[in-house]
Amino acid sequence: MDGIVGSLASEARTAPAAPTRQPYPFTAIVGQEEMTRALVLAAVDPGIGGVLILGDRGTGKSTAVRALAALLPEMSVVAGCRFGCDPGAPAQFCESCRELRHRPVAKVPVPVVDLPLGATEDRVAGALDIERALVDGAKVFQPGLLARANRGFLYIDEVNLLEDHLVDLLLDVAASGENVVEREGISLRHPARFVLVGSGNPEEGELRPQLLDRFGLAVEVRTPTDLATRVEVVRRRDAYDRAPAAFCESWRTAEARLRRRIVRARAKLAEVATPDAALEAAARLCMALGTDGLRGELTLIRAARALAAFEGRESVTVEALRPVASAALGHRLRRNPLDEAGSRARVDRAVAEILGP
Amino acid sequence: MTEAAPSGGDAAMAAALLAVDPTGLGGAVLRAPHGAARDAWLARLRGLLPAGAPWRRLPPNAPDDRLIGGIDLAATLATGRLRLERGALPDADGGVVVIPMAERLTQAAAGRYAAVLDTAEVTLERDGATARWPASLAVVALDESAGEDERVPPSLTDRLALHLPLDPGSAMGPGPDESGVAAARAALGEVRASDEVLLALCEASLAFGIGSPRAPTLALRTARAAAALDGRRDVVEADVVLAARLVLAPRATSLPAAPEEAPPPPAEEPGDADGGPPKDGSDLSEIVVAAMRAALPAGLLATLASALRGRASAADGRSGAPVKDGQRGRVLGARPGPLRAGSRIALIETLRSAAPWQTIRRRASGDHARPVLIRAEDIRLRRHEARSGTTTLFAVDASGSSALHRLAEAKGAIELLLGDCYARRDRVALVAFRGTEASTLLPPTQAPARARRCLAAMPGGGATPLASAIDMARALADAERRQGRQPLLVLVTDARPNVARDGRTGREAGEADALSAAALLRAAGVSTLMVDTAPRPHAYGRALAGALGARYVPLPQADAAALSTVVAAARSA
């Protein structure tokens, strides 16, 4: 078989080829409110810091993340920038954008980059472009997946199966917002701000405990057990499989409506007030649960604020903590790793105690 | 009718159904030993596929560059341009991939197949190259597992519609022919299924405890393919029954509660179709549930129990895991170094370090014949992590004397050690001994939570078959070592053996046998820690520890934290 010439560095930001078919619409996902809410909140406020989705097989974990890609509104980038720099945020420019005098603006879809299993470190972080080096003897950096995911989402299916050194790399970059490359004589740093979304089935291998609380929100998905929901899941899936285009068309209005809500929520986010009462309730909740550090509280407040913005409210009420408490705190409880009593139940109990039943 | 294998007619039908809608059904799990029946089934399937459809056979341990693709070194070096080679998965686009010995697939490898089945494309991000290829295909996993420990990873089987046990003795019945399948394939898009069909399939999967929502979806597609094969435009009862039999019945994890029978139904007599519907089901639901009952083998509950046990070992991808994952997970990158016998070149890294100098070297040497000039200083070697995983084997004395003394305290100490194992990602196994012999409560697993559960449920009482326990630990340690892991034995006992290897009771014979078993274990070179739980450590305990070559920790002095330090020391020794 003839080899196929690989993509050049300049093309690295654009996805290599168009997807074979439209993804399943986000709004057509049946149930799983906690998961869809967490993803929407991360889209409203990327600062929430990543979403971890754990759960049973076949519950639509990957479907939801891939659907999110199609839902998100387009973003403005400096045209031609390999890292998709935001023209409105000069502080975060990459080196080449900083030197430009004119920065033409282009609209591109928000990247949702799928980290395929078997990806090697050089493609994740970026490395010397072999082809350019071989052909012109030029030392050119070939951006990796982290560059492509800048300002978007990086999705890892089966995060529990990913090699540890890759996970460490991803978490470091996700936390610092910057990818530092020091290899093969290349020394470079570029912005890499992305929302890390991981999914996995705990039955297939456990997640390292250190990894858990690096995610902002963690949700559990379960197989629906009532007949009506299951019938609806199968019905929609079947309709989509048989005629993807028509199915997506029938959900277009719902998708557009959700997209508008996300856009509006993003614009409003900075104006949402966070009264002391909510801050205090959040602090009391975290103290009652004994979460380590302040990250739990910060995430809880951010998630509640994003939810308030999404629901069009002016301020974060104490009540707004309730729907996001389990996702923001459940995975941060200091727990005996062998304790199986769900952390969810503990969060629910604390919420009932502090916010009232 | 104790044989679970379907009639030859069902097998033939399954091949035809898969040929009608390969990508929709995802594929099949063929549970059969290597043999004529299996070959006949595969030949039938291949014959029914469209002419020219790719057919690839992939070993379960195929590396990523074969599976997904990677850099084509020969072509890259010859042309001096980056050349990619497609792996077998994109190569099989529109066809079928057959995996023999699928029970040896690792979780990671199964994950790659699962991603391809989900997205119908292959994404490559390796070796400095990026590519995306379409790959809609079906997977036929050949399950040759013998014991309970081996299972095809559930993440793969969940996505394959047909689960087919093949009877190696029976011949395959006649089935639809090529033209019939081709016609059905063309008509598939027009086959309608009523809401009643949908409801019946969902209800049946709920009733039989099938969790994954993929099951009814796959069953629905199977029913559609069956209708198309029969030349109909509507799914009728017969199609639904066939789909339930081929797709849902093999996935059953529980029997529906039959209204007029005792609540925990014993092994149902197959053919007993009187069990009513679980809920206010429609007529079709009743029929489907009855058909599934009939399709279930007589020993369902037994297989069920083994499936649940199988989950324990499948969860850590045990079968075949070490070789491949050892290569994959522990490669720490590359480093420059001299090429010696036995060292492995990191080809891509070598190429990469040579690349920037090509122009200069060419100018200097005037060599234009060779496309790439590589010098010794470019050579990069693969670096592997030296430490292999550890498996901590706990052998716990649950005999009467021990229970009397401090079984509860010992359990506490073990729990602490389990927490440690969890943090280190060690595997753990649990052997308990009491009465006449030792038994493996938990085969090696990476989920210490399960060990804790086993431990908590472990009853105490009876005699002390210490020799049998040490023998069993040695067998487990051997097995772990064969898989490339370092076994560490933690023996928790009060050292009062009173059962000999042959099951006779008696203090003397028990003690002598335990000592000889200990010597064998020591000869096998297993590092051992012995926790003596006797209220007052006695001479025999020390003697036993000596025979084992073990670190000896009498529990009276060992508070839990000290114990964990000792284990850590034993591990690094």
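**Entry 1: helix α12 of chain A**

Which exposed residues does the face of α12(A) turned away from its buried side carry? I found A:D276, A:A277, A:E280 and A:M287 there. Helices (H or I, at least four residues) and strands (E, at least two) are DSSP runs, numbered from the N terminus.

I noted that this is a predicted model, where local features need pLDDT of at least 70, side-chain atom pairs count only at pLDDT 80 or more, and totals for chains, interfaces and linings use all residues. Residues are numbered from 1 along each chain as its sequence is written, while chains are lettered from A and ligands numbered from 1 in the order in which they are written.

Next I listed the buried residues of α12(A): A:A278, A:A281, A:A282, A:L285, A:C286 and A:L289. Seen down the helix axis, they fall within an arc of 130 degrees, so they line one face of α12(A). The arc is taken from the directions from the helix axis to the C-beta atoms. What do these buried residues pack against? They pack against α13 (295–310), α14 (322–329) and α15 (343–355) of chain A. A contact here means two C-beta atoms, placed from the backbone, within 7 Å.

I then checked the length. α12(A) covers residues 276–289, and its 14 residues should span 20 Å at 1.5 Å a residue; the end C-alpha atoms are 20 Å apart, which agrees. The expected span is 1.5 Å times one less than the number of residues. After the helix comes A:G290, with a positive phi near 65 degrees.

**Entry 2: helix α1 of chain A**

I ran the length check on α1(A), residues 33–44. Its 12 residues should span 16 Å, and its end C-alpha atoms are 16 Å apart, which agrees. Is α1(A) mostly covered or mostly open? It is mostly covered, with nine of its 12 residues buried. Among them are A:M35, A:L39, A:L41 and A:V44.

**Entry 3: strand β8 of chain A**

I looked at both faces of β8(A), residues 153–156. A:F153 and A:Y155 are buried on one side, and A:L154 and A:I156 are buried on the other. In a regular strand the side chains alternate between the two faces of the sheet.

Then I looked for its partners. Two strands pair if DSSP finds at least two bridges between them. β5(A), residues 112–114, runs parallel to β8(A) and is joined to it by three bridges. A:D114 stands opposite A:Y155. β11(A), residues 195–200, also pairs with β8(A) in the parallel sense, over four bridges. There, A:F153 has A:V195 as its bridge partner.

**Entry 4: the sheet in chain B**

In what order do the five strands of the open sheet in chain B stand? I read β2-β5-β8-β1-β9, with parallel pairing. The edge strands are β2 (55–57) and β9 (162–165), each pairing on one side only. β2(B) pairs with β5(B), residues 96–99, over three bridges. B:R57 has B:V98 as its bridge partner.

**Entry 5: confidence**

Chain B has a mean pLDDT of 76, and 79% of its residues reach 70 or more. pLDDT is the predictor's confidence in each residue, from 0 to 100. In chain B, β5(B) has the highest confidence, at 93, and α15(B), residues 321–329, the lowest, at a mean of 35. The complex gets an ipTM of 0.79 and a pTM of 0.70 from the predictor.

Note on methods: Buried ≥ 20, exposed ≤ 12 C-beta atoms within 10 Å, placed from the backbone.
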